[in-house]
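User: Hey, I've just opened this one and I'm new to it. Can you walk me through it?

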Amino acid sequence: MSASLATVMDACRYAAERHVGQTRKGVAAEPYVNHVIDVAARVARSPDADPTLVTAALLHDVVEDTDGTAEEIIARFGPEVAALVGEVTDDKSLPKAERKRRQVEGAPAKSAGAKRLKLADKASNLTALADSPPAEWPAERMAAYVDWAEAVAAGCRGVDPALEAEFDRAAARARQSLEASP
Ligand code: ZN
């Protein structure tokens, strides 16, 4: 099942429903759904944009961070979208440090679509870190986050030069804002 424009908007609505009440970590406390829309917009701007990937981008945090399930995504959006979401969903039964380690180790073996989702996701997070850093995060924690995001992105290179360049710009901005902060 190839995603259509109607599917993309259905995924947008579904993500908004699922992430209702959740906010981003930054001081601006933006609605969480702004993040998945940002990731989808980044993927959509790529010259190789395709609606299935944009749909998966909208849903990429639904299984990890909400009550939404893989079965529900298969039923509503098809197995192709669900497989992409599954590839970028952490196993929440594992400790956080192990999940972060697996993201770095597992990135090179992901499909091209999942690599593009990861690049857009990390670029979105680094942009948010620069624009609206979490109040309770010391500079070392932010620096460690940028290092980790770059390690994940390193394993996602070679599939989408536009998204790679966007990631690099976001990482450079995040580093600049770290240097500028006291
Ligand atoms: Zn995300």
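Analyst: Donors themselves are N, O and S atoms within 2.8 Å of the metal (3.2 Å for Na, K and Ca), and water is not among the atoms, so sites may look incomplete. Also, this is a predicted model, where local features need pLDDT of at least 70, side-chain atom pairs count only at pLDDT 80 or more, and totals for chains, interfaces and linings use all residues. Residues are numbered from 1 along each chain as its sequence is written, and side-chain values use heavy atoms, with hydrogens and water left out.

User: Ok, which residues are the protein donors of the zinc ion?

Analyst: H35 and H60, each through NE2, plus D61 and D121, each through OD. They lie 2.1 to 2.4 Å from the zinc ion.

User: And what's the arrangement of the four donor atoms?

Analyst: Irregular, because the angles they subtend around the zinc ion run from 81 to 173°. Along the sequence, the donor spacing reads H-x24-H-D-x59-D. Helices here are DSSP runs (H or I, at least four residues; strands are E, at least two), numbered from the N terminus.

User: Is H35 buried or exposed?

Analyst: Buried, since its relative accessible area is 1%. H60 is buried too, at 3%. The cut-offs: buried is under 20% relative accessible area, exposed is over 50%, and partly exposed is in between (1.4 Å probe, protein chains only).

User: What is H35 in contact with?

Analyst: Beyond its neighbours within four places in sequence, H35 contacts R24, H60, D61, D121, S124 and N125. Contact means heavy atoms within 4.5 Å.

User: Switching to helices. How do α2 and α8 pack?

Analyst: Their axes are 9 Å apart, at an angle of about 125°, with α8 covering residues 112-131. That makes α2 oblique to α8. Axes are lines fitted to C-alpha atoms, for helices over the stretch in contact, and angles run from 0 to 180 degrees between N-to-C directions. Under 35 degrees is roughly parallel, over 145 roughly antiparallel, 65 to 115 roughly perpendicular, and the rest oblique. On the α2 side, H35, D38, V39, R42 and V43 take part, meeting α8 residues that include D121 and S124.

User: What about α8 and α10?

Analyst: Those axes come within 8 Å and cross at roughly 25°, with α10 spanning residues 161-180. So α8 and α10 are roughly parallel to each other. F167 is among the α10 residues that meet α8.

User: What does F167 touch?

Analyst: Not counting residues up to four places away in sequence, L119, K122, A123, L126, A149, E150, A153 and R157. F167 is buried, with a relative accessible area of 1%.

User: How many of the residues of α3 are buried?

Analyst: Seven of the eight, so α3 is largely enclosed by the rest of the structure. Those buried residues pack against α1 (5-18), α2, α5 (70-77), α6 (79-87) and α8.

User: Last one: what's the phi of A29?

Analyst: It's positive, about 50°, although A29 is not a glycine. A29 sits in the loop between α1 and α2, and A29 counts as partly exposed because its relative accessibility is 38%.

Key. Tetrahedral: all angles 85-135°; square planar, octahedral: opposite > 155°, others 65-115°.
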